Amino acid sequence: MKKSTCRGCGAPIVWIKTTAGKSMPCDAEPVLYKAREGAAGKIVTPNGEVLSCDLDVGPDEATGIGYISHFVTCPQAEQFRRKGAPKDGSHGN
Ligand SMILES: [Zn+2]
């Protein structure tokens, strides 16, 4: 897992290679999650699996520890979106 710093906001991030073969910037701080199909949240496990999950769960509820995509939490994410290649830009505007 490669550690780095976000160019947008300066937060510490880690790069996790997903099972799809894509490196994804995630918050460096791992969080507890509860995997649940259809849940609104997304988590990247240390193995690179991307799961739907509930976040903000207690230790007794959690099914594992993973990393949140930094695009979700970065205050500068808008900027990335504008600049970045519109590969999976399903949302306009
Ligand atoms: Zn950032």
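**View 1. The S2–S3 hairpin.** S2 and S3 make a hairpin with five residues between them, and Gly 21 in the turn shows a positive phi of about 85°. Strands here are DSSP runs of E, at least two residues long, numbered from the N terminus, and two of them pair if DSSP finds at least two bridges between them. S2 runs antiparallel to strand S3 (residues 23–27), with five bridges joining them. Look for Lys 17 opposite Ser 23 in S3. This is a predicted model, so to speak of local features takes pLDDT of at least 70, side-chain atom pairs count only at pLDDT 80 or more, and totals for chains, interfaces and linings use all residues. Residues are numbered from 1 along each chain as its sequence is written, and side-chain values use heavy atoms, leaving out hydrogens and water.

**View 2. The S1–S2 hairpin.** Strand S1 (residues 2–5) and strand S2 (residues 12–17) are antiparallel and share four bridges. Lys 2 sits opposite Trp 15 in S2. Six residues lie between S1 and S2, and Gly 10 in the turn has a positive phi of about 80°.

**View 3. The zinc site.** Cys 6 (SG), Cys 9 (SG), His 70 (NE2) and Cys 74 (SG) hold the zinc ion at 2.0 to 2.3 Å; donors are N, O and S atoms within 2.8 Å of the metal (3.2 Å for Na, K and Ca), and water is not among the atoms, so sites may look incomplete. Their spacing along the chain reads C-x2-C-x60-H-x3-C. His 70 and Cys 74 are both buried (under 20% relative accessible area, 1.4 Å probe, protein chains only).

Note on methods: Buried means under 20% relative accessible area, exposed over 50%, partly exposed in between (1.4 Å probe, protein chains only).
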